[in-house]
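Visitor: Hi, could you walk me through this one? I'm new to reading structures.

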Amino acid sequence: MALSSHIHNFSVLSVSKTIENGNGRRRARMVVKMAASTSDMAAAFEEGKLERPKWSGQTPLSRLVGALIAFKPLSSVLKLGARQVLIRTAEKGNIPWREMTKEILESDVYKELESIQNPSLVYPDYYLNPFHAYDEGNLSWLAAAEAEAATMSMVRRAIPNASTVDEANQVVRGNWLQAIEQHHLQYSGTTMIRDILDIGCSVGVSTRFLADKFPSANVTGLDLSPHFLSVAQFKEKKIGPRKNPIKWMHANAEDTGFPPQSFDLVSVSYVFHECPERAIVNILKEAFRLLRPGGTIVVSDQSVSIHAYITLEKT
Ligand SMILES: C[S@@+](CC[C@H](N)C(=O)[O-])C[C@H]1O[C@@H](n2cnc3c(N)ncnc32)[C@H](O)[C@@H]1O
């Protein structure tokens with residue numbers, strides 16, 4: 001599948017260091033790369049081709065990590081240790097990880113599940129594996145309660161020079177929104193962004209940024225985890241009503257069920273590093289199907305420099 005077309009423009013954003021995409025250059029004739037500089041905190045655009053990520057090869061370190069993880073008793077200890085480090089690092093950076101988690105777990109968030117969950121949804125295999133050190137992957141209340149703190153940590157790591165989490169968030173999300181706006185202006189002119197789909201919206205952080213930036217648009221956040229969506233809906237209710245309330249949809253982004261050409265903007269933010277290649281291809285095909293002529297697809301993800309990191313993340 002060619003990612004570029006005469007009708008649509010395709011943006012790839014990398015907020016930390018390098019541009020990555022596991023699909024290889026065979027599928028991309030022309031893409032727009034965007035990089036946010038951490039030093040001057042400004043967005044810079046650069047036209048280019050997708051390159052195969054350097055971490056995709058088999059390095060000795062990747063093989064060693066793979067072997068260690070495959071050894072079950074060691075893997076549990078590694079996961080526990082990794083979790084403690086993650087929480088301690090976040091809290092040192094003024095992200096009140098345990099407090100935020102407790103607040104969600106002790107709230108009424110559970111009541112949202114019934115209205116959000118699509119009981120007939122069939123999960124793809126990869127989604128049923130343990131992930132991010134949670135045995136039930138993203139299908140757990142603990143994962144959902146910790147997701148916002150984890151997102152804040154990721155943003156903090158991406159912008160180490162920022163003095164606060166808020167500042168780091170404004171750089172990462174601000175540059176992302178600015179890139180979307182500039183790209184849309186450049187390629188779609190005065191066409192209004194009326195309908196926005198946030199694929200892999202998790203607990204709604206990216207969705208809320210989009211809704212705040214484009215207040216007259218109808219924004220839908222879509223995710224496979226009903227637990228994450230419950231947190232998203234619960235938080236949005238706490239924030240208060242908005243002119244155009246965000247809709248939350250429990251679905252597989254590979255096959256959403258929306259009619260073709262339903263959206264002017266489709267965002268896939270920090271999702272692909274969690275997906276196998278076949279899911280990435282399917283999600284991109286679906287995103288193109290859902291896009292209106294002249295619309296924008298925006299893909300952003302974190303830079304991963306070694307295969308071992310991905311291996312650890314996916315357990
Ligand atoms: C790191 S989170 C995304 C965070 C969020 N977009 C942001 O920018 O803060 C990745 C999300 O992708 C979701 N996801 C993974 N595969 C998916 C699929 N096939 N369909 C829908 N959501 C998926 C996961 O459930 C998870 O919530």
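Predicted model: local features only at pLDDT ≥ 70, side-chain atom pairs only at ≥ 80, totals over all residues.

Visitor: Okay, which residues come nearest to the ligand?

Guide: G200, S202, S206, A253 and S269 do, out of 22 residues around the ligand.

Visitor: And how do the residues of that shell divide into nonpolar, polar and charged?

Guide: There are 11 nonpolar, eight polar and three charged ones. Here Ala, Val, Leu, Ile, Met, Phe, Trp, Tyr, Cys and Pro count as nonpolar, Asp, Glu, Lys and Arg as charged, and the others, Gly among them, as polar.

Visitor: Which helix and strand each supply at least two residues of the shell?

Guide: Helix α7 (205-213) and strand β5 (218-223). Those names come from DSSP runs numbered from the N terminus: helices are H or I with at least four residues, strands are E with at least two.

Visitor: How many helices and strands does the protein have?

Guide: It comes to 10 helices and eight strands.

Visitor: Back to α7. Which of its residues are buried?

Guide: V205, S206, T207, R208, L210 and A211. Buried means 20 or more other C-beta atoms lie within 10 Å of the residue's own; 12 or fewer is exposed, in between is partly exposed, and the C-beta atoms are placed from the backbone. The buried residues of α7 pack against α5, β4 (195-199), β5, α8 (226-239) and β7 (263-269). Packing is judged by contacts, where two residues have C-beta atoms, placed from the backbone, within 7 Å.

Visitor: What share of the whole protein counts as buried?

Guide: 39% of the 315 residues.

Visitor: Now α8. How many of its residues are buried?

Guide: 10 of its 14 residues, so α8 is mostly covered. Among them are H227, F228, V231 and F234. The buried residues of α8 pack against α3 (97-105), α4 (113-116), α5, α7, β5 and β6.

Visitor: What follows α8?

Guide: G240, with a positive phi near 115°.

Visitor: You mentioned α9. How far apart are its end C-alpha atoms?

Guide: They are 20 Å apart, which agrees with the 20 Å that 14 residues should span at 1.5 Å a residue. The expected span is 1.5 Å times one less than the number of residues.

Visitor: Which α9 residues are buried?

Guide: I280, I283, L284, E286, A287 and L290. Seen down the axis of α9, they fall within an arc of 165°, so they line one face of the helix. That arc is of the directions from the helix axis to the C-beta atoms. The face turned away from the buried side carries the exposed residues E277 and R278. As for partners, the buried residues of α9 pack against β4, β7 and β8 (291-301).

Visitor: What about β7? Is F263 buried or exposed?

Guide: F263, found in strand β7, is buried, because it has 25 C-beta neighbours inside 10 Å. F263 and L291 are 28 residues apart in sequence, yet 5.1 Å apart in space, C-alpha to C-alpha.

Visitor: Last one: how many residues are in the largest nonpolar core?

Guide: It has 59 residues, and I196, I199, V231, V266, V268, I283 and A287 have the most contacts inside it. The largest share of this core, nine residues, comes from helix α5 (residues 141-158). Such a core is a set of buried Ala, Val, Leu, Ile, Met, Phe, Trp, Tyr and Cys residues joined through C-beta atoms within 7 Å. Leaving out residues up to four places away in sequence, V266 touches L197, I199, A287, L290, L291 and I297.

Terms used
Residues numbered from 1 in each chain as written. Near = placed C-beta within 6 Å.
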